[in-house]
Amino acid sequence: MTSQTDTHGSVTTVYKVTGMSCGHCEGAVSGEISQLPGVSSVTAVASSGEVTVVSAAPLDEAAVRAAVDEAGFELAGTV
């Protein structure tokens, strides 16, 4: 199950992350994912657990999972 939208040379993917509960959590997850090559923006919302990532090309899910793990959370998949 993948939620990806290809728009004008960029791909938007929505991921589900478990364990986020506050703004600090959002910042930690956003900070780690934003370091992945090709990522232009990341928006994390703790209340829904959704993380929206805009990138130049589809991201490798293993790389996103590793970034989320590094932030101390768990990637549950894509929305």
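Buried residues (under 20% relative accessible area, with exposed meaning over 50% and partly exposed in between, 1.4 Å probe, protein chains only) make up 38% of the 79 residues in the chain. This is a predicted model, in which local features need pLDDT of at least 70, side-chain atom pairs count only at pLDDT 80 or more, and totals for chains, interfaces and linings use all residues. Residues are numbered from 1 along each chain as its sequence is written, and side-chain values use heavy atoms, with hydrogens and water left out.

**Overall form**

- The chain holds 2 helices and 5 strands, where helices (H or I, at least four residues) and strands (E, at least two) are DSSP runs numbered from the N terminus.
- Read from the N terminus, the order of elements is β-β-α-β-β-α-β.
- Along the principal axes, the C-alpha atoms fill a box of roughly 35 × 20 × 20 Å.
- The accessible surface (Shrake-Rupley method, 1.4 Å probe; for residues, only the protein chains shown count as cover) is about 4200 Å², and 51% of it belongs to carbon and sulfur atoms.
- Of the contacts (heavy atoms within 4.5 Å) between residues at least 6 apart in sequence, 61% join residues at least 24 apart.

**Strand pairing**

- Two strands pair if DSSP finds at least two bridges between them.
- Strand E2 (residues 10–18) pairs with strand E4 (residues 50–55) in the antiparallel sense over 6 bridges.
- E2 also pairs with strand E5 (residues 74–78), again antiparallel, over 4 bridges.
- Lys16 has a bridge partner in each of these strands: Glu50 in E4 and Gly77 in E5.
- E3 and E4 run antiparallel and are joined by 6 bridges; Val45 stands opposite Glu50 in E4.
- The hairpin formed by E3 and E4 has 4 residues between the strands, and Gly49 in the turn has a positive phi of about 75 degrees.

- Leaving out residues up to four places away in sequence, Val51 touches Thr13, Val14, Tyr15, Val17, Met20, Val29, Ile33, Val42, Thr43 and Ala44.

- Ser55 belongs to strand E4 and is buried, with a relative accessible area of 1%.
- Apart from neighbours within four places in sequence, Ser55 is in contact with Ser10, Val11, Gly38, Val39 and Ser40.
- The Ser55 side chain reaches the backbone oxygen of Ala57 at 2.7 Å.
- Ser55 and Cys25 are 30 residues apart along the chain, and their C-alpha atoms are separated by 21 Å.
- Leu59 lies in the loop between E4 and H2 and is buried, with a relative accessible area of 17%.
- Not counting residues up to four places away in sequence, Leu59 touches Tyr15, Leu36, Pro37, Val39, Val53 and Val64.

Methods. Polar contact = N/O pair within 3.5 Å; in protein donor to acceptor, adjacent residues only side chain to side chain.
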